[in-house]
Amino acid sequence: MTDAADLRRRTADLLAAHPPATTDRLDFLRARFDAGLAWVHFPEGLGGLDAPRSLQAVVDAELAAAGAPGNDPGRIGIGLGMAAPTILRFGTDEQKQRFLRPLWTGEEVWCQLFSEPGAGSDLAALATRAVRDGEDWVVDGQKVWTSSAHLARWAILIARTDPDLPKHRGITYFVCDMTDPGVEVRPLRQITGEAEFNEVFLTGVRIPDAHRLGEVGEGWKVAQTTLMNERVAIGGNRIPREGGMIGVAAADWRARPELRTHDLHQRLLTLWVDAEVARLTGERLRQQLTKGQPGPEGSGMKLAFARLAQDISGWEVEFLAEDGLTYDDWTMRRPDGVDFTGREAGYRYLRAKGNSIEGGTSEVLLNIVAERVLGLPPEPRTDKDVAWKDLPR
Amino acid sequence: MTTETRSTPTPAPDPDLLYSEDEEALRDAVRALLTDRSDPATVLAAVESDVPYSPTLGSARAGGAPSALWRSLATEIGTAGLLVPEKLGGAGASTRETAVVLEELGRAVAPVPYLTSAVLAVTALLGCDHEDAEVAGALTALAAGTTVGALAVPLTTAPGGPPEPTVRAAADGTLTGRVTSVADAAAADLLLVPAQGSDGPALFAVEAAADGVRTERVTPLDLTRPLAHLTLDGARGRLLATGDRAREAVDRALLTGAGLLASEQLGVAEWCLAETVRHTAERTQFGRPIGSFQALKHRMAALWLEVASARAAARNAADALATGSPDAPVAVAVAQAYCAPVAVRAAEECVQLHGGIGMTWEHPAHLYLKRAKADELTLGTPGRHRETLAGLVDLGAP
């Protein structure tokens, strides 16, 4: 078993062979991957050493102290957080060898082609079709809310391969080449003025069968792995008191005494308490995970953070009085990432509206908590056993 | 606790928000006892009897001997002395364990004087000089559970600078004055009385049975926590502490009580949510269990999140009090400001989502509603705690 001392030794060897000061950034990242120090819990030969996931921190600390370059996880989050675990679990040896290394080094950016205009909360109702043609699949359809699509080399894609089966059973999971001539990416401008996301139109896109992940018709099951890993990412970080949006609001309050009113004071204190308790709830979840006893709190954390972000940013716009009437910039831009606490109060207020929609609406999350955590009886499902092609839409 | 302002908030400490194995074992023991001896029907029957605590259930001098439930809780499991050092006959445990007991007592809405005797009275005594025979003797008696203690302050008193005592101490140690709305005063054997002496504040021990002590029971909103007005007319007190020490002992007791009350509120909320989920999953209307309707299940899911959050807040307060963290006043204010409304909301949702049965005397939901609402006023309202917090984290009023 690889332990912390072993990892420190391997990290020292890597640094000795490839001194960060004199090594090209990409060369260093490739060497780190090949040394098994990229994600230590991955298998040997695929950037890891089959070590406990918790030991990654040991490597990261040593490398940070040595000034080694990172792989800019903010830019390649979908690849790292969603595509990689899915490829590892369902990919063939060939697929793992081909995709994981450039994914981790950031040479190849990934995006996710899941949501559609007609399939949001009801993702399994998706209508993008993939039809078998010899050794290829031919894909036609439209995807939406795709971040990084304009930067991406590859996409994880779910498409309908059998419309005669009920919706969950006729879906297959693919890796889609974003440079295929049938892929068209259009920016999707949102209420903040910028275009963080894209619409992706797929017209006669050819995907070789070798780029299928999992069995034909098993795409929904494969997608669960992707979505589960999206949720693992939440709750992993420690947040200090007044971290996040409440810190910005509190700083405003301290800096602008002339704007204070009793009503705003009462509301700020209530929000401060709620934010502190949400922080503690996340910290408790983190402590449970560390002890290997994951609690169901994770299901609810996103609900709490969405409501807090919306309420705090709304409070802030109101507190700022005349400044609250202004907006920093409506220019249409395509940012590489998103910073929920970035820019000004008006932007934060508008961007926070997405927090209760993206990654599962708050309404769907409440259903999940009610049915999976509390065990309440489900709503009657009239579409469960009906062929997808016969569903009303 | 002072209300000094700092230029930056206290850095967040490193609390342990989980339950240890020993704490879980303690929970199991308390829960087993309460399930056996204090189910809701028994509690309901007990509160309808006209003694402060039923002789079969509560602590009560009224019945002569301490009740079976209090005796078991206090002595067999040894919970009365959790906060008392071992050399004084206690368990030498901390507020973390006490909080677990209070969670279970809240969940069972048990009518026992635990918060008053084992938390408020004990903590006030712990703030006095343990070497003093009077203090040590009182702690030993309270730890054994054979004596029930009460801190003679109105139950609404918040930590962070309690008001001037309403009792005057004469030079000969006799006490005169009136203290209103004292929890469990009628059941207590030993009253800890903050008084104003000629040389400043002081804390006295007064035997409840002594001459010149009169308790007059009040009809309480919360049937499971009896209240009484206390009148002292030349009653003889034994001096426990004076000056700042007396004042700080009382304030530490109030801070500890408020912080641990959050755990009781968590227990109340947990029962209300669990019972509501159970009921709505079984109750059928319109041909479906009503718990399958999103209009109802979303309310329960939202409540679940609040209860999960209340657990983190309550654990944080219990841990900060246990470790003597300088962050304790913030942790307690946050826990009270958050947990008190969660317990009230849970009890109100419990009544509403039970429909007609929730409005009946027969169903125990009202016991929880009354406890939750009274707890909201106990040891400071949520608004009062937010006000305290404003001073502690530099978010001053306009």
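This is a predicted model: local features need pLDDT of at least 70, side-chain atom pairs count only at pLDDT 80 or more; totals for chains, interfaces and linings use all residues.
Reader: What makes H11(A) roughly perpendicular to H8(B)?

Author: Helix H11 (residues 362-373) of chain A and H8(B) pack at an angle of about 80 degrees, and their axes are 8 Å apart. Angles of 65 to 115 degrees count as roughly perpendicular. The value falls in that range, so H11(A) is roughly perpendicular to H8(B).

Reader: Which residues meet where these two helices pack?

Author: On the side of H11(A) they are A:Leu366, A:Asn367, A:Val369, A:Ala370 and A:Val373. In H8(B) they meet B:Gln294, B:Lys297, B:His298, B:Met300, B:Ala301, B:Ala302, B:Trp304 and B:Leu305. By class, the residues of this contact are nine nonpolar, three polar and one charged.

Reader: How do you know that these residues are in contact?

Author: Two residues are in contact if their C-beta atoms, placed from the backbone, lie within 7 Å. The residues named for H11(A) and H8(B) meet in that sense.

Reader: How many residues does each chain give to the contact between chain A and chain B?

Author: Chain B gives 35 residues and chain A gives 39 residues. On the side of chain B, the elements with two or more residues are helix H7 (243-282), helix H8 (294-323), helix H9 (328-354) and helix H11 (382-392). H8(B) gives the most, with 14 residues. That side of chain B has 24 nonpolar, seven polar and four charged residues.

Reader: Why are E3 and E7 of chain B called a pair?

Author: Two strands pair if DSSP finds at least two bridges between them. Strand E3 (residues 174-183) and strand E7 (residues 227-236) of chain B have eight bridges, so they meet the condition, and they pair in the antiparallel sense. B:Ala183 stands opposite B:Leu227 in E7(B).

Reader: What joins E6 to E7 in chain B?

Author: Six bridges join strand E6 (residues 213-218) of chain B to E7(B), and these strands run antiparallel. The requirement is at least two bridges, so E6(B) and E7(B) also count as paired. In this pairing B:Val218 stands opposite B:Leu227.

Reader: Which strands of chain A form a hairpin, and how many residues lie between them?

Author: E2(A) and E3(A) form the hairpin, with two residues between them. Strand E2 (residues 129-133) and strand E3 (residues 136-147) of chain A pair in the antiparallel sense over five bridges. A:Asp133 stands opposite A:Asp136 in E3(A). In the turn, A:Gly134 has a positive phi of about 65 degrees.

Reader: What are the domains of chain B, and where do their bounds fall?

Author: Domain 1 of chain B is 21-147, domain 2 is 167-246 and domain 3 is 247-392. The C-alpha centres of domain 1 and domain 2 of chain B lie 21 Å apart. Between these two domains, 20 residues of domain 1 are in contact with 17 residues of domain 2. On the side of domain 1 of chain B that touches domain 2, helix H2 (40-48), helix H5 (114-126) and helix H6 (133-144) each supply at least two residues. That side divides into 13 nonpolar, four polar and three charged residues.

Reader: What are the domains of chain A?

Author: Chain A is divided into domain 1 (4-70), domain 2 (110-217) and domain 3 (234-359). The C-alpha centres of domain 1 and domain 3 of chain A lie 34 Å apart.

Reader: What does the UniProt record list for residues 111-195 of chain A, and what is the helix and strand content of that span?

Author: The unreviewed entry carries the annotation "domain: Acyl-CoA oxidase/dehydrogenase middle" for residues 111-195 of chain A. In the model this span is 0% helix and 47% strand, and its end C-alpha atoms lie 15 Å apart.

Definitions and conventions
Residues are numbered from 1 along each chain as its sequence is written. Chains are lettered from A and ligands numbered from 1 in the order in which they are written. Domain bounds come from an automatic or database domain assignment. UniProt positions are given in the numbering used here, feature names are shortened, and annotations may be inferred rather than shown by experiment. Helices (H or I, at least four residues) and strands (E, at least two) are DSSP runs, numbered from the N terminus. Ala, Val, Leu, Ile, Met, Phe, Trp, Tyr, Cys and Pro count as nonpolar, Asp, Glu, Lys and Arg as charged, and the others, Gly among them, as polar. Axes are lines fitted to C-alpha atoms, for helices over the stretch in contact, and angles run from 0 to 180 degrees between N-to-C directions. Angles under 35 degrees count as roughly parallel, over 145 as roughly antiparallel, 65 to 115 as roughly perpendicular and the rest as oblique.
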